[in-house]
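Subject: Structure for your review

Dear colleague,

Please find below the structure that I am handing over to you.

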Amino acid sequence: QVLSVNSAVVHVPASRIAALAADDAVVWVEPPLPGLTNNKAENRAATGVDTLNASPYMLDGAGVRVLVFDSGRMFEHGDFGSRLTVGVSDTDPVSNHSTHVGATIGGDGTGVFANRGMAPGVELISYRFSTGGSSLASGFLYIDPCDIEADYSEAFNLYDVHIANNSIGTNTAPNGFPCEWTGDYGVTSALLDSIVRGSIGGSFRIVWAKGNERGSSRCIGDDFGNYGEYYSTAPPAAAKNHITVGAVHADTDDMTWFSSWGPTDDGRLKPDICAPGCQEGGDEGVTSATGSGVSNYATACGTSMAAPTVTGICALVLEQWRVTNPGADDPRNSTLKALLANTAVDKGNAGPDYQYGHGSVRAVAAVDPVIAGNVIEGAVTQGGVYRFTVIVAPGDPELRVTMAWDDSPAAPNVASALVNDLDLRIIDLIGGVHLPWTLYPNDPGAPAVRTQRDGVNNVEQVVVDAPAVGTYTVEVSGYNVADGSTQGFGAVTTGQLAECSSAWTVALEGASLPCSGTRR
């Protein structure tokens with residue numbers, strides 16, 4: 001009996017329910033609620049990680065080393081076992097926040113199995129970012145990149161880390177910093193873009209939390225006209241190359257009340273994608289390890305929780321990449337970004353938008369193109385064109401291709417941060433040209449259109465609705481490779497990439513088409 005609400009919980013055969021409900025003394029009958037779970041289980045279910053952890057995928061991130069660069073060193077919680085290493089030069093205090101973040105990536109649920117992370121087999125390398133003084137020193141992570149370069153270099157060269165999670169930022173509004181910083185491409189943004197490009201010894205992959213600026217009304221719309229909650233990106237989330245993650249609710253897949261929105265000051269799309277970082281029901285957050293005891297867990301909300309969800313998924317993608325492509329280099333940072341963007345579930349306005357980016361991330365959908373060989377990496381020079389061929393099969397509802405490149409760093413606070421400008425387009429069976437989505441920074445709530453080239457972003461996506469069955473040509477061109485280099489890129493397609501012959505042609509349905517590049 002439940003006396004407070006004059007009810008009873010009873011087990012009856014299904015055949016007796018109708019008679020029970022017909023009794024005049026019974027006001028209502030309802031089925032039992034499902035067992036309550038914590039939000040980490042919701043994160044895994046919402047993104048599809050449960051499926052990747054199980055047969056036939058059997059992915060847990062084994063062999064992938066993740067740098068957790070956070071507000072403190074991680075506690076040696078029981079969920080990490082022997083998989084946690086604290087950076088040799090890092091003697092800073094431990095942090096519950098960094099522990100929570102690291103366990104969302106790769107906790108194994110030793111204390112509470114339902115609280116395990118996305119990739120429970122990864123190795124975790126913990127470093128704390130330091131300003132050299134107060135953690136709220138004016139300019140940190142804006143005009144002062146702190147010790148990012150030193151710690152990243154050590155982690156990369158000493159521990160051979162493969163990807164970094166950064167659930168940190170300036171928190172411009174709540175920290176009382178100048179609102180004019182919001183949306184800026186500062187010194188730290190340029191440094192991060194350089195690190196992705198290889199400045200610490202090799203190309204690298206970085207995931208960054210978008211920030212929670214909409215949780216404070218202080219800088220909303222400040223100095224940007226009447227744009228409401230748009231333009232709320234705190235530095236250095238406005239960098240070009242890192243994978244920037246906003247937060248949705250795990251149980252509804254809808255936007256949270258705090259996740260920062262784009263665009264950046266120069267009109268670029270941020271966030272790139274979104275992932276679960278809170279929950280409307282249940283325990284109202286993401287439950288993850290905290291402290292050092294094996295049974296210690298805490299619940300929190302933020303893009304700080306969404307970013308490690310994506311980092312864990314990226315670890316699973318890297319593991320699958322190595323299985324599918326033995327002996328090959330790991331994919332570029334831009335290739336991971338293209339994978340996540342091309343396979344995310346569209347949210348908000350049709351196409352990308354400044355709230356959700358390219359949508360809500362899906363883990364299985366991001367891994368499957370790797371297995372199917374629908375990922376390509378190539379490069380173009382100034383004025384060059386890189387072509388590859390995609391086959392649309394019967395029943396395909398759309399053809400979607402996303403291309404991204406790790407751009408050269410720009411000078412801080414330039415009017416336009418884009419240095420190398422590539423173009424993506426699809427040519428259909430009758431010669432029709434399909435252009436990428438573009439947005440209007442001066443009207444940030446307006447839907448994206450497909451009527452012009454994109455000269456702003458280093459991620460482009462082209463969608464052909466209800467495509468006819470047959471062969472399509474995808475072109476990546478070097479519209480303006482301004483730094484004089486060869487610009488590499490990664491691209492992902494929903495259609496099947498065609499194998500090329502030794503004569504660099506593919507034959508299909510009586511046609512002989514040119515193709516190029518490396519099929520993954």
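Predicted model: local features only at pLDDT ≥ 70, side-chain atom pairs only at ≥ 80, totals over all residues.

Residues are numbered from 1 along each chain as its sequence is written, and side-chain values use heavy atoms, with hydrogens and water left out.

Disulfides

A disulfide is taken as a pair of cysteine sulfur atoms within 2.5 Å, and by this rule the count comes to two. One joins cysteine 179 and cysteine 219, whose sulfur atoms are 2.1 Å apart. The link of cysteine 179 and cysteine 219 is left-handed, with -75° about the S-S bond. Cysteine 179 lies in the loop between helix H6 (172-175) and helix H7 (187-197), and cysteine 219 in the loop between S7 and S8, so the pair ties together parts that are 40 residues apart in sequence. Helices (H or I, at least four residues) and strands (E, at least two) are DSSP runs, numbered from the N terminus. Both cysteine 179 and cysteine 219 are buried; buried means under 20% relative accessible area, exposed over 50%, and partly exposed in between (1.4 Å probe, protein chains only).

A disulfide is also formed by cysteine 278 and cysteine 301, with 2.0 Å between their sulfur atoms. The torsion about the S-S bond of cysteine 278 and cysteine 301 is about 65°, so this disulfide is right-handed. The pair links distant parts of the chain, 23 residues apart: cysteine 278 is in strand S9, and cysteine 301 is in the loop between strand S11 (297-300) and helix H8 (303-324). Cysteine 278 is buried at 5% relative accessibility, whereas cysteine 301 is partly exposed at 33%.

Salt bridges

With a salt bridge defined as a side-chain nitrogen of Lys or Arg within 4 Å of a carboxyl oxygen of Asp or Glu, a search of the whole structure finds 18. One of them pairs lysine 240 with aspartate 407, the closest N and O atoms being 2.8 Å apart. This pair links distant parts of the chain, 167 residues apart: lysine 240 is in the loop between strand S7 (205-209) and strand S8 (243-249), and aspartate 407 is in the loop between strand S14 (398-404) and strand S15 (420-427). Lysine 240 is buried, with a relative accessible area of 1%, and aspartate 407 is buried at 0%.

Lysine 347 forms a salt bridge with aspartate 254, with 3.5 Å between the closest N and O atoms. Lysine 347 is in the loop between helix H9 (333-343) and helix H10 (363-372), and aspartate 254 is in the loop between S8 and strand S9 (273-278), 93 residues apart. Here lysine 347 counts as buried at 17% relative accessibility, while aspartate 254 counts as partly exposed at 36%.

Aspartate 266 forms a salt bridge with arginine 268, the closest N and O atoms being 3.0 Å apart. Aspartate 266 is buried at 17% relative accessible area, as is arginine 268 at 2%. Salt bridges that share partners also join Arg44, Asp50 and Arg116 into one network.

Helix H4

Helix H4 (residues 96-106) is mostly covered, with nine of its eleven residues buried. Among them are Ser98, His100 and Ile105. Serine 95 caps the N-terminal end of H4, with a side-chain oxygen 3.1 Å from the backbone nitrogen of histidine 97.

With kind regards

Note on methods. Polar contact = N/O pair within 3.5 Å; in protein donor to acceptor, adjacent residues only side chain to side chain.
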